[in-house]
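The sequence and structure come next.

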Amino acid sequence: MFEPDTDDPFEQFRRWFADAEAAEPNDPNAMTLATAGSDGRPSARIVLLKDIDERGFAFFTNTESQKGQQLEVNPFAALCFHWKSLRRQVRIEGSVASVSEAEADAYYASRQRGSRIGAWASQQSRPLADRPTLLAAVARFEAEYDGREVPRPSYWSGYRLTPLRIEFWHDGEFRLHDRFVFSRAGDGLPWTIQRLFP
Ligand SMILES: Cc1cc2nc3c(=O)[nH]c(=O)nc-3n(C[C@H](O)[C@H](O)[C@H](O)COP(=O)(O)O)c2cc1C
C-alpha cells in the first residue's frame, strides 16, 4: 500500500526517483513525453529527464523536431514515467517553456563530443534518404570542428514542464492500485491532494 507522507509532490517525486535509480536496470530517467500540435492530435515519445527542481521537469532536444514544432504552437505537454521493477507510474501535466540559453549551453557542454557532433548532423524528425547520408554529415561536422570546441546549434535546446498536476500510482493486488493526484491552479499556488479510484 502507498500513501504520500509529504504534501510536496516534488519531494514525493524525488523519493520515488531515488528508488527508481536504485532499482531500474537502465534509464530510470526515461519518460514518455506527449505533445499535440494545432491539429490536436497527440504524439508521444521517450525523452530523458535531465533536471528536476521546484521549477519543473527539464529535457533536451532538437527544437525543430516534431515535438519542438508542436510545443511551439501548443506549449502544453504530459510526461509519464513507468518504473517496471517498482510497479510504479508517475503522470505529470503542465505548461512548457524553453530553458535559458545558459542552461542549454551548460547541458550541451556536458555531453560527449560525439553527441555534440550528432546534434549538428541530425535534422531530427525530417526525412533521411539513407544511413550513409547521416554518416557523411557526421564526417563533415567532425572535419569542420576538428581541434575546436563543438558549439551548440541554435536549434538544440531544452524545455521545462511546469506541472499543474502530478499523479503517483502504485500497483496494488487485484488491480486495487493506490492513486494520489497533487494538483494546483497555477505555478506558485498551493497543492491539493486527492486519492482516486484505481
Ligand atoms: C530511452 C530513450 C531516450 C531518449 N531520449 C531522448 C532525449 O532526451 N531527447 C530527444 O530529443 N530524443 C530522445 N529520444 C528519441 C525520441 O524518443 C524521439 O525518437 C526523437 O526525439 C524524435 O521525436 P519527435 O519526432 O517526436 O520530435 C530517446 C529515445 C529513447 C528510446
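Of the contacts in the protein chain with a separation of 6 or more, 62% are between residues 24 or more positions apart; contact means heavy atoms within 4.5 Å. The model is predicted, so local features need pLDDT of at least 70 and side-chain atom pairs count only at pLDDT 80 or more, while totals for chains, interfaces and linings use all residues. Residues are numbered from 1 along each chain as its sequence is written, and side-chain values use heavy atoms, with hydrogens and water left out.

The protein chain has five helices and nine strands (DSSP runs of H or I with at least four residues, and of E with at least two, numbered from the N terminus). Of its 198 residues, 40% count as buried, that is, under 20% relative accessible area with a 1.4 Å probe, protein chains only.

Three of them make the polar contacts tabulated here, a polar contact being a pair of N or O atoms within 3.5 Å.

| Protein atom | Ligand atom | Distance |
|---|---|---|
| I46, polar backbone atom | oxygen | 2.7 Å |
| T61, polar side-chain atom | oxygen | 2.6 Å |
| S65, side-chain N or O atom | oxygen | 3.2 Å |

Taken alone, the ligand exposes 620 Å², of which the protein buries 64% (Shrake-Rupley method, 1.4 Å probe).

Notes. A polar contact is a pair of N or O atoms within 3.5 Å; within protein, one must be able to donate a hydrogen and the other to accept it, and residues adjacent in sequence count only if both atoms are side-chain atoms. Buried means under 20% relative accessible area, exposed over 50%, partly exposed in between (1.4 Å probe, protein chains only).
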